[in-house]
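This briefing is meant for a reader meeting the structure for the first time. Please keep the model in view while reading the points that follow.

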Amino acid sequence: MKAATPEEKRDAIDSFADYLEPTLEVVGRSELERWAECPMQASLIESGKEGPLPGFVDAGELCHQALGTAIQTWIDFNASIGPQGIREALEQSLRGTRPDLQPQVIAAARASIWNFSHFLAGINPVNILKFDGGHERQSGQLAMDIPTAGVRYAGEVDFLWSGPVRGVLQLEDWKSGWRFFRGYDVYQSFQFQSYACLILDNYEKIDAVEVRVWNTRHGTKTYPVLFERRHLDQYMSRIYSALQVRYENRENPKPTPTEEKCSRCRVALHCPASGEIGDAMKDPKAHLRRLIVLQAAIKQELKLLKAVEKQSGPIELETGERFASEHKSKPKAQLIVPKGGKKVEEENDDDSDEGSEG
Ligand code: SF4
């Protein structure tokens, strides 16, 4: 074999290019959780079918902002204002929020104002690591690279601080919805297992993360739930399998209806699973799944009509059917048929935890 000439060797060296960092796609925690829950729901939301979010989602977000402002005030005053000062900062922030949502925002936080103020007053600001609303290194954002999946996985925590136990970080999460969280919910949840992975990845010397969820509307919090580094593989494999579901379903997403998921789904009206008509005798399970989605879609339709009725008054068809609030003392929008027909009533949706995610 002929040896390379000095010129050829020099050309080869000149042509050397830097190693290219692979471009990682940023995938958010709530987005990935949706893929894990129902690929069709994730796909419909990503394609913009969700429409405007209900007011309680905005109220939850504003409640988080108010808590973040109180934490920032505590830091800015270098712990000199005490629980009363924190309380005043929080109340002022809640009162000064968007006027159309102010009563909802205050209702979402009121029961926890006192507990939160005393809790925060016990924390030295130097021990505050990250929080929702924090700036730069104290921002609540955390990310970890998963190059094998071509993904940078990201999430935002509500309040991360360094507590008295060496090697254990403390994570507080605010839930401002109606749903009541218990310790078991925390332990099982994709959200908190994900946060544990993100925190353990970013703080290498930490052995565990202790998590508490504050049910701010109810004025309670869960017992602490420990996520340990020795179980990291278990938490990570859940993220890997969610990424796998996302990868496999992006082109052709499948609906995976269950009553629990569909009843909370905000894109149920667009779900193709409600239109798959087959032979009920041959495939009764498919029809049961369809019924679940149809019920969720009806619930959403009633909500939409209720919003229209509240703004513009009763809706009436030429054939006599009306959608209106009948009783002035206890208005409840409902479908009213001309004669002896069954009324279809709008239900209260009081179990949402939306807007409470960090
Ligand atoms: S209605 Fe159910 S099956 Fe359809 S997208 Fe929503 S969660 Fe998925």
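Which strands does helix 2 lie across, and at about what angle does it run to strand 1? In this predicted model, helix 2 (residues 29-37) lies across strand 1 and strand 4, and its direction makes an angle of about 75° with strand 1.

**The sheet and the helices on it**

- The sheet is open and is formed by three strands in the order 1-4-3, with mixed pairing.
- Strand 1 (25-28) and strand 3 (141-146) stand at the edges with a single partner strand each, so one side of each is left without a neighbour in the sheet.
- From one strand to the next, the twist averages 25°.
- Strand 3 and strand 4 (residues 151-156) run antiparallel and are joined by six bridges, and L142 stands opposite G155 in strand 4.
- Helix 9 (residues 190-202) lies across strand 3 and strand 4, running at about 80° to strand 3.

**Helix 5 against helix 7**

- The axes of helix 5 (residues 82-95) and helix 7 (residues 113-121) come within 8 Å and cross at roughly 130°, which makes helix 5 oblique to helix 7.
- This crossing of helix 5 and helix 7 is right-handed, and the residues making the contact include I86 and L90 of helix 5 together with W114 and F116 of helix 7.
- The residues of this contact divide into eight nonpolar, three polar and two charged.

**Around the ligand**

- The ligand is surrounded by 16 residues, of which C38, P255, C262, C265 and C271 are the closest.
- Helix 3 (39-46), helix 11 (259-262) and helix 12 (284-312) each supply at least two residues of this shell, and helix 3 gives the most, with three residues.
- The shell around the ligand divides into 13 nonpolar residues, two polar and one charged.

Notes:
Residues numbered from 1 in each chain as written. Predicted model: local features only at pLDDT ≥ 70, side-chain atom pairs only at ≥ 80, totals over all residues. Axes fitted to C-alpha atoms, helices over the stretch in contact; angles between N-to-C directions. Helix = DSSP H or I, 4+ residues; strand = E, 2+ residues; numbered from the N terminus. Parallel < 35°, antiparallel > 145°, perpendicular 65-115°, else oblique. Left-handed = near helix turned anticlockwise from the far one by under 90°. Contact = placed C-beta atoms within 7 Å. Nonpolar A, V, L, I, M, F, W, Y, C, P; charged D, E, K, R; others polar. Near = placed C-beta within 6 Å. Pairing = 2+ DSSP bridges.
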